[in-house]
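Trainee: I would like to learn how to read a structure such as this one, feature by feature. Could we go through it together?

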Amino acid sequence: MSDTVLLCYCTCPDVASAQKLAEALVGERLAACVNRIPTVASTYRWKGEVVTDSEELLLIKTTAARFPALKERLVALHPYELPELIAVPVAEGHRPYLDWVRDPG
């Protein structure tokens with residue numbers, strides 16, 4: 001369903017890249033809102049090594065209809081070779097807020 005609200009997760013290496021992505025996605029109306037959560041510790045396996053990094057986490061609110069364009073733009077702007085982008089459908093929420101995400105005006 002194209003008006004399904006999605007909550008998307010994306011990590012960024014620093015404040016500057018996180019802010020750039022957040023402003024682009026909201027400014028281009030690909031997301032209604034982006035929350036930036038500073039200083040999350042991420043541990044992952046990359047190219048055969050276990051790595052721990054400090055990152056910023058973006059919580060991106062959008063719709064299924066806008067997701068393909070959001071994904072294309074995020075991948076184009078993101079500094080990582082393999083950016084994280086995970087979208088989870090929102091099953092329940094405050095109806096007026098979900099309506100705003102669908103049409104932020």
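Trainee: Is Thr39 buried or exposed?

Mentor: Before the answer, please note that this is a predicted model, in which local features need pLDDT of at least 70 and side-chain atom pairs count only at pLDDT 80 or more, while totals for chains, interfaces and linings use all residues. Residues are numbered from 1 along each chain as its sequence is written, and side-chain values use heavy atoms, with hydrogens and water left out. A residue is called buried under 20% relative accessible area, exposed over 50%, and partly exposed in between, with a 1.4 Å probe and protein chains only. At 62% relative accessibility, Thr39 counts as exposed.

Trainee: Where does Thr39 lie, and what is its phi?

Mentor: Most residues other than glycine have a negative phi. Thr39, although not a glycine, has a positive phi of about 50 degrees, and Thr39 lies in strand β2. Arg29 is another residue other than glycine with a positive phi, near 60 degrees; Arg29 lies in the loop between α1 and β2 and, at 52% relative accessibility, counts as exposed.

Trainee: Which residues of helix α2 are buried?

Mentor: The general idea is that an α-helix has 3.6 residues a turn, so residues three or four places apart point the same way. In helix α2, which covers residues 67-77, the buried residues are Phe67, Leu70, Leu74 and Leu77. Seen down the axis of α2, these buried residues fall within an arc of 100 degrees, so they line one face of the helix; the arc is that of the directions from the helix axis to the C-beta atoms. Glu72 and Ala76, on the other side of α2, are exposed.

Trainee: What covers the buried residues of α2?

Mentor: Taking contact to mean heavy atoms within 4.5 Å, the cover includes β1 (5-12), α1 (15-27), β3 (49-63) and β4 (86-89). For α1, the buried residues are Ser17, Ala18, Leu21, Ala22, Ala24 and Leu25, and their cover includes β1, β2 (33-46), β3 and α2.

Trainee: What span should the 13 residues of α1 have?

Mentor: The expected span of a helix is 1.5 Å times one less than its number of residues. For α1 this should be 18 Å, and the end C-alpha atoms are 18 Å apart, which agrees.

Trainee: How many salt bridges are there?

Mentor: A salt bridge is a side-chain nitrogen of Lys or Arg within 4 Å of a carboxyl oxygen of Asp or Glu, and by this rule the count comes to 5. In one of them, Glu28 pairs with Arg73, the closest N and O atoms being 2.9 Å apart. Glu28 lies in the loop between α1 and β2 and Arg73 in helix α2, so the pair ties together parts that are 45 residues apart in sequence. Glu28 is partly exposed, with a relative accessible area of 38%, and Arg73 is likewise partly exposed, with 30%.

Trainee: Which residues are linked in a network of salt bridges?

Mentor: The network links Asp3, Asp99 and Arg102. Within it, Arg102 forms a salt bridge with Asp99, with 3.1 Å between the closest N and O atoms; both lie in helix α3 (residues 95-102), 3 residues apart, about one turn of the helix.

Key
Helix = DSSP H or I, 4+ residues; strand = E, 2+ residues; numbered from the N terminus.
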